[in-house]
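Here is a short tour of one model, told through a few of its residues and helices. Have a look at it first, and then we can walk through it together.

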Amino acid sequence: ALQARYAGASSNVAKSLVVLHVPVLALFLWAAFFGRRWTLAEHVVVALHLFGFVLLAAMILGWVVFPVATAILGAEPSPAVTAGPVLLVAWWRGLRRGYGAGRVRVAALLVAAIIGLAVAHLCYRGVQFALVFGLIS
């Protein structure tokens, strides 16, 4: 009973909270550039673009690539194998263009951004769980 109520409330809360990824990701980018000329607001803009591409890639992969690959292969491909390289290349280009940095700096930013996205997702899931549990209790 609790599981069904949680699942029902979770999807609505998840859609509202997805933007929580952006400020956490921006904080990681800001930390990677600490002491430089960039303001936190500029990092938020870059983080918003990076995360927007993640959402766009997830939609395209979910609606087009996975169904076609599943029909051809007979099994659903791993999201990490299909989306990982695409996101790495897109984020590399986005960070390079957004900050005008060299390859070494962009590589460090890419690591910070990936770690930032993982931490942001953990924060998002924790807040989502707490809110949903509070709603259904």
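His21 has its place in helix H2; helices here are DSSP runs of H or I with at least four residues, numbered from the N terminus. If neighbours within four places in sequence are left aside, His21 is in contact (heavy atoms within 4.5 Å) with Phe51, Leu117, Ala120, His121 and Tyr124.

A word on the basis of all this: the model is predicted, so local features need pLDDT of at least 70 and side-chain atom pairs count only at pLDDT 80 or more, while totals for chains, interfaces and linings use all residues. Residues are numbered from 1 along each chain as its sequence is written, and side-chain values use heavy atoms, with hydrogens and water left out.

Ala14 lies in helix H1, which spans residues 2-17. Ala14 is buried, at a relative accessible area of 15%. Apart from neighbours within four places in sequence, Ala14 is in contact with Tyr124 and Gln128. The C-alpha atom of Ala14 is separated by 24 Å from that of Val65, 51 residues apart along the chain.

How do the two helices cross? The axes of H1 and H5 (residues 103-136) come within 9 Å and cross at roughly 130°; axes are lines fitted to C-alpha atoms, for helices over the stretch in contact, with angles running from 0 to 180 degrees between N-to-C directions. That makes H1 oblique to H5, the class left once under 35 degrees is roughly parallel, over 145 roughly antiparallel and 65 to 115 roughly perpendicular. Among the residues of H1 that meet H5 are Leu2, Tyr6 and Val13, and on the H5 side they include Val127, Phe129 and Leu135.

## Aromatic rings

The structure holds five aromatic pairs, that is, rings of Phe, Tyr and Trp (its six-membered ring) with centres within 6.5 Å; planes under 30 degrees apart are stacked, over 60 edge-to-face and the rest tilted. Trp38 and Tyr99 are edge-to-face, because their ring centres are 5.1 Å apart and their planes stand at 85°. This pair links distant parts of the chain, 61 residues apart: Trp38 is in the loop between H2 (21-32) and H3 (40-73), and Tyr99 is in H4 (residues 79-99). Tyr99 counts as buried, at 4% relative accessibility.

Ring pairs also link Tyr6, Phe129 and Phe133 into a cluster.

Notes:
Buried < 20%, exposed > 50% of the residue type's maximum accessible area, 1.4 Å probe, protein only.
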